[in-house]
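Student: I would like to go through the labels attached to this model and see what each one rests on.
Tutor: Then ask about them one at a time.

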Amino acid sequence: PSGVPAVNQIEVHPYFGNEDVRAADAQAGILTEAWSPIAQGAVLDDPVVTGIADSVGRTPAQVVLRWHVQRGDIVFPKTTHVERMQENFAIFDFELSEDQVAAISALDRGEAGRRGPNPSTFDWIP
């Protein structure tokens, strides 16, 4: 074993692309898994996301999950609802255009878009 992880699970979603970490992962041959891939639901009402969803005939969640897949992210969206699980799997029979991917990526708000704790400053000890 080389000591290099195979996967790095980090917060990634349209409001927080975490591009520097994704690029470092790619350079090191590490796959990126998106933690909170739909920003705990926050991106599902975004007009850019809903507009693209309307234009491709999909739900906003499907569009965001497809955005992740096309960028090379691993996603495991959390749900306990069977209907949503089925919806989340139905993302492999359509593609977003380059312009649609770019429009979603442009929603990045940097640190202001982060939904979870910053691992550089997180100081919670159980």
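Student: What share of the contacts in the protein chain between residues at least 6 apart in sequence join residues at least 24 apart?
Tutor: The share is 71%. Keep in mind that this is a predicted model.

Student: Which pattern does the protein chain follow along the sequence?
Tutor: The pattern reads β-α-β-α-α-β-α-α, made of five helices and three strands.

Student: Why is the protein chain called as compact as a globular protein of that length?
Tutor: The globule rule gives 14 Å for 126 residues, and the radius of gyration is 15 Å, close to that value, so the description applies. Along the principal axes, the C-alpha atoms fill a box of roughly 45 × 30 × 30 Å.

Student: Why is Asp 73 called buried?
Tutor: Buried requires a relative accessible area under 20%. Asp 73 has 6%, so the label buried holds. Asp 73 sits in the loop between helix 3 (60–71) and strand 3 (74–75).

Student: What makes the pairing of the Asp 73 and Arg 22 side chains a polar contact?
Tutor: The cut-off for a pair of N or O atoms is within 3.5 Å, and the Asp 73 and Arg 22 side chains are joined at 2.8 Å. The side chain of His 68 also makes a polar contact with that of Asp 73, at 2.9 Å.

Student: Which residues is Asp 73 in contact with, leaving aside its neighbours within four places in sequence?
Tutor: They are Val 12, Arg 22, Thr 32 and His 68.

Student: Ala 39 and Gln 40 both lie in the loop between strand 2 and helix 2. Is Ala 39 buried or exposed?
Tutor: Ala 39 is buried, because its relative accessible area is 0% and the limit is under 20%.

Student: And is Gln 40 buried or exposed?
Tutor: Gln 40 is exposed, because its 51% passes the requirement of over 50%.

Student: What is noted about the phi of Ala 39?
Tutor: Ala 39 has a positive phi of about 55° although it is not a glycine. For Gln 40, also not a glycine, phi is positive at about 55°.

Student: How do you know that Arg 109 lies over the face of Tyr 15?
Tutor: The distance has to be within 6 Å of the ring centre, and the direction within 35 degrees of the ring normal. Arg 109 is placed over the Tyr 15 face at 3.6 Å from the ring centre.

Note on methods. Residues are numbered from 1 along each chain as its sequence is written. This is a predicted model: local features need pLDDT of at least 70, side-chain atom pairs count only at pLDDT 80 or more; totals for chains, interfaces and linings use all residues. Side-chain values use heavy atoms; hydrogens and water are left out. Helices (H or I, at least four residues) and strands (E, at least two) are DSSP runs, numbered from the N terminus. Buried means under 20% relative accessible area, exposed over 50%, partly exposed in between (1.4 Å probe, protein chains only). A polar contact is a pair of N or O atoms within 3.5 Å; within protein, one must be able to donate a hydrogen and the other to accept it, and residues adjacent in sequence count only if both atoms are side-chain atoms. Contact means heavy atoms within 4.5 Å. The radius of gyration is taken over C-alpha atoms; the globule rule is 2.2 Å times the number of residues to the power 0.38.
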